[in-house]
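Open the model in your viewer and keep the selection tool at hand. This tour goes stop by stop.

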Amino acid sequence: MPAIRHTLARLRQLRLWEAVHRENAAEYLHRATQGVGARRAMDIGGTGDCPLTNNAGRYTKEHAAAEQARREADTLWTGIAPGLAALELDPRSVIELYYNQAVPWADIPATIKRSSVSCDRMHREAVEHLEREQP
């Protein structure tokens, strides 16, 4: 697989991981605060079963993983974005939506108001352009 295709696949994977970790972090934050006031959370009666305590570590871990994925993806995107500058808006949008924003492929034609065949063609040509531009 050419380097740019590998980089694009890695970028999409990181954006998907970021979304999953952010979802998990939000769930743990919700669990930590669900139905427990601040006073009750601090005075759980010695049972050791405090939603805040049980989920705070999980939240921190998921949030850190999401941030790590975001930083790595942002670094990859910074290297890819200049190569897209010469493309028209729609091909640029296809690449950005699919790889950088991790939009499902089935949703891209409706998002940019083009046909599926047209999106396939623009994707292929944009990736070929990036391969030519790569040093």
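Select Leu 87 first. Its relative accessibility is 14%, so Leu 87 counts as buried (buried means under 20% relative accessible area, exposed over 50%, partly exposed in between, with a 1.4 Å probe and protein chains only). This is a predicted model, where local features need pLDDT of at least 70, side-chain atom pairs count only at pLDDT 80 or more, and totals for chains, interfaces and linings use all residues. Residues are numbered from 1 along each chain as its sequence is written, and side-chain values use heavy atoms, leaving out hydrogens and water.

Leu 87 sits in the loop between α3 (51-84) and α4. Helices are DSSP runs of H or I with at least four residues, numbered from the N terminus. Now show the neighbours. Leu 87 touches Arg 92, Ala 126 and His 129, leaving aside residues up to four places away in sequence; contact means heavy atoms within 4.5 Å.

Next, select α4, residues 89-100. Its buried residues are Pro 91, Ser 93, Val 94, Ile 95, Leu 97, Tyr 99 and Asn 100. Step just past α4 to Ala 102, which has a positive phi of about 55 degrees.

Which residues of α1 meet α4? They are Leu 8, Ala 9, Leu 11, Arg 12 and Arg 15, and they meet Ile 95, Tyr 98, Tyr 99 and Asn 100 in α4. The residues of this contact divide into 6 nonpolar, 1 polar and 2 charged.

Key:
Helices (H or I, at least four residues) and strands (E, at least two) are DSSP runs, numbered from the N terminus. Ala, Val, Leu, Ile, Met, Phe, Trp, Tyr, Cys and Pro count as nonpolar, Asp, Glu, Lys and Arg as charged, and the others, Gly among them, as polar.
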